[in-house]
Amino acid sequence: MTAAALVLRFRRARREIGPWVLAGGLLLLHLDWWPIAIPLPTDAGTLSDMVLGLGMLLVVFDESRLHTRRLATLNALTTSIARVGQDGIMAGTALKELKDLMGAEAAWFRLLQSNCLNIHQQIGLSPEFLSKKSSIAISDEVECVPQQTRLVVVPKEGLDDSFHAEKLQQVIVVTVPGRKSLVGSLVLGNRRAKSYAPDETDFLISCAQQFGLALENVHLLEEILRSHRQWSNTFESIQDLVLLHDSQFRILKANPALLSRLGKSQAEVVGQICEVVLPKEELAWENCPYCRGAEDELSEGIDPFGGFSVASTSTYVDQGTKQRATIHVVRDITERRAAEQKYRSLFERVQEGVFVTTPSGNLLDCNDAFVRMLGHGSRESLLGRNVDAEFYTSREQRVTFRREVEAHDFVRDFEVNLRRKDGSELTAVESSFAIRDEEGKIERYQGFLLDITAKKQAEDEIRRRNRELNALNAMAVIATQSFDLDEILNLTLRQVISLLGAEAGSVYLAEPENRYRRRAEWGQRVTERKRLAETHFPESFGDLVMRSRAEVLTAEYLPHLPASVTGFMKAANGGSAMWVVLWGKDDPLGLMGISRGPAREYSSNDENLLLAIGRQLSTTVEKVRLYEETCKAYDDLRRTQEQLLQSEKMSAVGQLIAGVAHELNNPLTAILGYAQLLESEKLEAKAMEYVGKIFKQGQRTHRVVQNLLSFARQRKPQKEEFDVIKVLEEALLLRDYDMKVGNIQVERDFQADVPAVFGDPHQLEQVFLNIINNGIDAMTDAVGEGSKAEQHFRVRVAASDNSVSIEFHDSGSGIQEPHRIFEPFYTTKTVGKGTGLGLSICYGIVKEHNGDISARNGDTEGAVIEVKLPSAGRAVAPQVPTEAAPRDMALKGRILLVEDEESVLEFERDVLSGAGAQVTTATSTDAMTTILAEQSFDGLILNGKMPGANSVKETHQWILDSYPKLSGHFLFTFSSLAEPEVRSFLEQHSVRFLVKPFQVSDLITSTRRLLVKSKTAGAGQA
């Protein structure tokens, strides 16, 4: 009976006969109930066994049929997923199949959206239920989504009235999971309670999982289709020209804007190479006109359609074919460039200062008027600097400015104080506005500045003069008699005491740190003179006086003044006293006070008279100080003028040296060249010795010329590892004659194995030469011109702590102010003998080399200049001696040699002819042109600075245009290659060149390279 009850309970609410037959068979099995079993026939037991077997067979058939339907349902669900593109239709089909299979009265699917479960599809629910339960929270008491079991059966007791109204007795909630997160829930409603076997539970969970996967796939497909439509619409709607081509420059796609510009269809363009489709009339290009540089960048230039364009270039690799392709988005900027040029011209020419800054104050752009206003030399020196911190003098003004701009987006006629490069201040009126980004944040400030310093000063001057007019008339005679401040103060004080009938008085002038020193007095006792000669006001005159700029301090002010001021006023003058503050432009200049007897008070007329005199006295004090400053400035200006005149003389000498040095290189080329040629000949030993001496002295002359060129700033700075002792010896060599004439003995103290120094040897040679010159001048001044007294100049070189120290110790009279010796224009030499710039330049060069230079006086005599340079950490690389070039370096070919210097021409011709070349010479550019028109050559060697010739750049282009077969087969020679732009041009275009004087081997080697794979330039080629 128990088994029968369990079978019926498990299969209840299902329309199946098998469970009932099985339950009946179980009841009839082993029937031995009394009194029923007694009258039954004998075959009754067999009949009950047959009933039991039939029930079991029917149950098995029902289960088989149920499994078949489940598989059919899953198959239908899978088929609908594959065929249907809309999740609504797919969900309805799946729900219907599932409802029929599970025998449910209602089925619905809830989709998770914004933490709510909304009914997305349903079957069997009434409109009333949908209106109440269409959207529920994810934590709903009835349809709470299972987290762990993935399936929950809610009995009748757990349902609310909405479910009861649908006559539902049981609800099954199944989780619909996605790949990464919850998709929703699947709900079945039964009007009769049912039990579910584990395989049914697994089936519902599998359906839910398949359901979630289907929904995600459908949504993914829709997203892909939507993205494709958006990309296609975007591509078609772009107004700029869009070109897509592969690595072979074959067009893959073009947008309508480009097709319209070409006047062709997509079919006519796709598959064609760019050179066939795109125009080439306006611009000569190859492969693609927009592949102008590196990949994935913006480039701007001339457009093949005409005008200017900016092209955005991007590359990608096709995932299917693995082919590399390039996309160009091209925008026509012809009108924009014209507008930019127009507005840029307006920006540059407007006379008001125009600027653009970041919100933090960094300067992005400005015009020339702004640069001039602040006293700078170029716009580059201002860009990137913070105007708030460096140019605006008042932080409070900037706070007010930012507050106004934040509130109104602009300010108009805002008065500001600015600091110029020389430290002076100017007053300007600023009108600015803010530019905001899409989020409303200030992106930059743009504004105008109008300098009103002159106007402001004029206004202040007029007001000041009007206030001081009365006192000016009374004291004009005293103020104009002398510029001695003490005399003016004493005379003024005596007149004040006389006019006002005072008994005593004093004048104090302000000094730094709120200290006041007495400069004039009358009527005070001796003890008071000593005690009150100087006083200190830590708090100045207090807030009240400083804020109101009070000028007359009477008894009414005493309670409001700092204790130090009141104590001083009581001690300085007894009786009835009155003090006048002598105000300058911003701060007090001093105090003037008088005193009378205790019973004598001051009238308003007395106060006005003393006030007028105090104002005039303030003006006089400022005038005298200004006069003193003017005199000092005049003296400084005069000294500066003398120094600049000497500097101009030195500059002229430098140009003269450079010209002479350049001119010397030509004969040096012939001398050194012929010496090398003689060394290669089989001469007698004595002759070889003479030739060696000639070559050695020529090399020495060449080094002197190079040193002179370096001194005259005709050599491009180049840093390298070098022997500092060798450079020092070369600098001493330049003054060797002067030291011998002046009877100056050079004492060398050079440490062994001094490491190399990394830097520019020519610049450091100039440093050493300047220091040596100063030492020689100091020793000559100490003993007098023409003296035969022996002087000592000690040079010490030592290495320590990763640095090399070079000390120069002269036996002169020492340095008066060693701490100022490196200041520009500071010199202790007589007028016309020094500019004050030499050691300043040395200081800059040493600091550029990360070194240090210092000056001090010696222990016994003279001055010591010490230069410390960082060492390279290793010894100087030994120099391999240059051997004479062998004469068997054969050359084959015809060479045209062009040189205006006859000695150099003959030397070069002898070298090249001796090496086997056929040499034709020309001494002018006209002769060269004539010869090239009549004959053909394998190589061309010409002087880069022929008289009357074009520049190197123009000559190079003329050869390429007129004789293209000589391209790569010509060589320039120069007396010196001082111009950086010439060297840069030659290196950029890989043009060969030699600088005189050069080695014979260098000339032959360079010529052989010209003749490699040479194609003869025919006569008369254009």
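Lysine 847 and aspartate 852 form a salt bridge, with their closest N and O atoms 3.3 Å apart. The model is predicted. Lysine 847 is partly exposed, at a relative accessible area of 36%. Aspartate 852 is partly exposed too, at 38%. Elsewhere, shared partners in salt bridges join Asp388, Arg398, Arg402 and Glu430 into one network.

Other pairs can be read the same way. Aspartate 738 and arginine 735 meet through their side chains in a salt bridge, at 2.6 Å from N to O. Where does each of the two partners stand, buried or exposed? Aspartate 738 is partly exposed, with a relative accessible area of 33%. Arginine 735 is buried, because its relative accessible area of 15% lies under the 20% limit. Arginine 983 and glutamate 987 also form a salt bridge, at 4.0 Å from N to O. These two residues are 4 apart in helix 29, which spans residues 980-988, so about one helical turn separates them. The count of salt bridges comes to 26.

Now step back to the whole chain. The protein chain holds 30 helices and 34 strands. Of its 1022 residues, 41% are buried. Take the contacts between residues at least 6 apart in sequence: 58% of them join residues at least 24 apart. The accessible surface is about 55,800 Å², and carbon and sulfur atoms account for 52% of that area.

Glycine 353 stands opposite leucine 449 of strand 16.

Next come the nonpolar cores. The largest has 37 residues. Val724, Phe768, Ile806 and Phe808 have the most contacts inside this core. Several elements each supply at least two of its residues, including helix 22 (724-734), strand 27 (803-809), helix 25 (838-848) and strand 29 (863-870). Helix 24 gives the largest share, with 7 residues.

Isoleucine 806 shows how such a residue is surrounded. Leaving aside residues up to four places away in sequence, isoleucine 806 touches Val724, Leu728, Phe768, Arg796, Val797, Ile865, Glu866, Val867 and Leu869. A second, separate core has 25 residues, among them Ala502, Leu509, Tyr602 and Leu617.

The last stop is a lysine. Lysine 99 lies in helix 4, residues 87-102. Is lysine 99 buried or exposed? Lysine 99 is buried, because its relative accessible area is 18%, under the limit of 20%. Its contacts, not counting residues up to four places away in sequence, are Ala104, Glu105, Ala106, Ala107 and Ile123.

Conventions: Residues numbered from 1 in each chain as written. Predicted model: local features only at pLDDT ≥ 70, side-chain atom pairs only at ≥ 80, totals over all residues. Heavy atoms only, no water. Buried < 20%, exposed > 50% of the residue type's maximum accessible area, 1.4 Å probe, protein only. Contact = heavy atoms within 4.5 Å. Areas by Shrake-Rupley, 256 points an atom, 1.4 Å probe, with all protein chains shown as cover. Pairing = 2+ DSSP bridges. Core = buried A, V, L, I, M, F, W, Y, C linked by side-chain atoms within 4.5 Å.
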